[in-house]
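Visitor: I would like to talk through the charged side-chain contacts in the structure shown below. Please take me through them one question at a time.

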Amino acid sequence: MPPGGGGGGRRKWLIPAAAVTAVVVMAGTVWATVSLVNFGGPQPESVLPGNSVSFAKADLDIDGSQAVDLLRFVDRLPAEVREEMGDVDEDDTSAPFAEAFADSYDLDRSEVEEWIGKKVGAAAWITDEPEFDSYDGAVYGIALAVNDARAAEEQFSELSRSHDVEYTMVDDFVVFTDLAGGIEDYNDQMSANGDLESDDTYSGDLNGVPGGSIALAWADLGALGRISTIERDLAAEFGTTGSLQGRMTASFRVTGDYLEARMDVFGFELEGADVDWLAEGSGKSLDAIGALPANSTVAMGGSGLDQMLSTAWENDELPLLDEQDRQEMEADMNSIGAPLPEGFTSLLGGSTAVGLSDFDMGGMGAYGSTSDPTVVFRAVGGDADALSSFVDEVVADPYASGPTPTVSEDGDAVVVSSGNPGSGVLADDEVFQQTMAGMDDAVMAAYVDMRQAVTTDDVRSPEQWGALGLGLSVAEGGERAVVELRWAPSGS
């Protein structure tokens with residue numbers, strides 16, 4: 001918009017949802033000690049059931065060339081982060097797994113290191129066995145790679161007595177669970193459904209996962225939405241008990257320049273409403289935010305937002321907008337001479353961006369804090385008259401002591417600004433280029449310059465913290481949405 005607008009260490013393995021997400025969380029906490037992998041060799045999904053509704057894994061097996069990429073990224077980290085990390089040992093990537101496993105079961109880490117491998121996965125599936133009714137019919141298992149099957153079996157034999165762990169040895173993995181009867185159900189599911197790796201839907205969804213990922217999660221959202229606890233959470237969050245459909249993958253990877261978390265969503269629907277309207281956008285959001293002033297601390301924008309919103313408006317698919325909201329919005333837009341749906345183009349243009357600087361991030365100690373931030377809004381192809389009316393009727397505060405935002409034109413862009421915009425453009429900044437590289441297809445994007453968002457009150461050297469980048473792109477006519485979140489440090 002324009003300016004103005006418990007219970008003990010091992011318990012963490014006991015809840016099915018936590019079991020599935022713990023693998024990715026583990027990878028996220030140790031990303032600085034690992035490098036890129038391509039999920040080579042036997043994988044956890046080869047020993048977990050094909051009817052799993054959610055799955056996560058981490059693979060920390062690396063080779064020499066991947067270690068080079070790791071060291072390149074580590075060299076870019078802020079000095080204080082490198083000091084806290086200590087030396088990086090690319091030859092001992094199983095250490096995070098050994099430490100986490102030993103802590104969970106109060107074991108001697110050195111004993112765990114004798115047998116533990118460098119791959120771990122967890123899956124949850126739905127069973128109709130009545131003994132699991134208290135878990136909403138959800139059962140889970142964790143598959144942990146082993147380098148010494150005999151030592152692993154000795155360890156788990158002891159755990160079965162001391163911690164009620166159930167387990168079975170399968171190929172190069174030990175599959176285990178803390179749920180009574182869980183391994184018996186696991187065996188039944190494997191016999192009836194085969195393994196997840198062979199499932200066509202799962203393998204098809206993984207086609208878009210970037211090479212070099214170190215961790216992955218996958219979920220069937222429709223199946224998860226039918227679990228009563230999740231169904232209640234959806235009702236509380238969205239005010240609906242309607243059906244949830246779709247699938248998703250999430251992945252993590254480290255390149256020489258940035259750390260990236262990515263999520264792909266396929267065929268998403270909630271209450272019968274999908275996000276096909278996102279396909280109306282064009283992949284020029286980087287051009288939009290790249291034209292903002294070079295000193296922008298936060299930049300957000302997109303290209304084709306007007307068409308996306310127009311399509312969603314005409315099809316009554318704008319999420320979380322009821323009939324009363326639509327009527328009020330329509331009346332407001334009519335009052336400024338921008339009737340909907342054409343009014344979206346009047347205010348947003350075909351390309352839209354907003355940048356903020358000189359503001360206080362609410363206790364985070366943002367640089368150059370002032371009572372009124374600098375805001376720049378750009379709408380390429382927007383209507384200057386409609387935007388002027390919007391500023392006069394909606395944005396301008398008659399009781400404010402500061403100046404009213406100004407409306408001007410810069411080539412084919414209408415610019416609404418307040419404060420003191422700087423010179424130059426973001427597109428010329430090296431850290432911006434590094435952070436947003438490869439997001440050229442994004443229909444919406446955001447950028448946060450951490451070098452300006454934090455100060456020496458927060459970190460030792462703000463200039464070494466680089467930037468955060470976010471991009472949303474769509475493919476397959478809106479059937480697939482991709483979200484990429486990155487951190488590109490600038491310590492080197």
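Guide: This is a predicted model, in which local features need pLDDT of at least 70 and side-chain atom pairs count only at pLDDT 80 or more, while totals for chains, interfaces and linings use all residues. Residues are numbered from 1 along each chain as its sequence is written, and side-chain values use heavy atoms, with hydrogens and water left out.

Visitor: How many salt bridges does the structure hold?

Guide: A salt bridge is a side-chain nitrogen of Lys or Arg within 4 Å of a carboxyl oxygen of Asp or Glu. By that criterion, the number of salt bridges in the structure is 18.

Visitor: Is E45, the salt-bridge partner of K57, buried or exposed?

Guide: The side chains of K57 and E45 meet at 2.8 Å, N to O, with K57 in strand β1 (residues 52-59) and E45 in the loop between α1 (16-29) and β1, 12 residues apart. Helices (H or I, at least four residues) and strands (E, at least two) are DSSP runs numbered from the N terminus. Buried means under 20% relative accessible area, exposed over 50%, and partly exposed in between (1.4 Å probe, protein chains only). K57 has a relative accessible area of 2%, and E45, at 4%, is buried.

Visitor: How many residues apart in sequence are the parts that D257 and R72 tie together?

Guide: D257 forms a salt bridge with R72, their closest N and O atoms being 3.7 Å apart. Because D257 lies in the loop between β7 (244-254) and β8 (259-270) and R72 in helix α2 (residues 64-76), the separation of the parts that this pair ties together, in residues, is 185.
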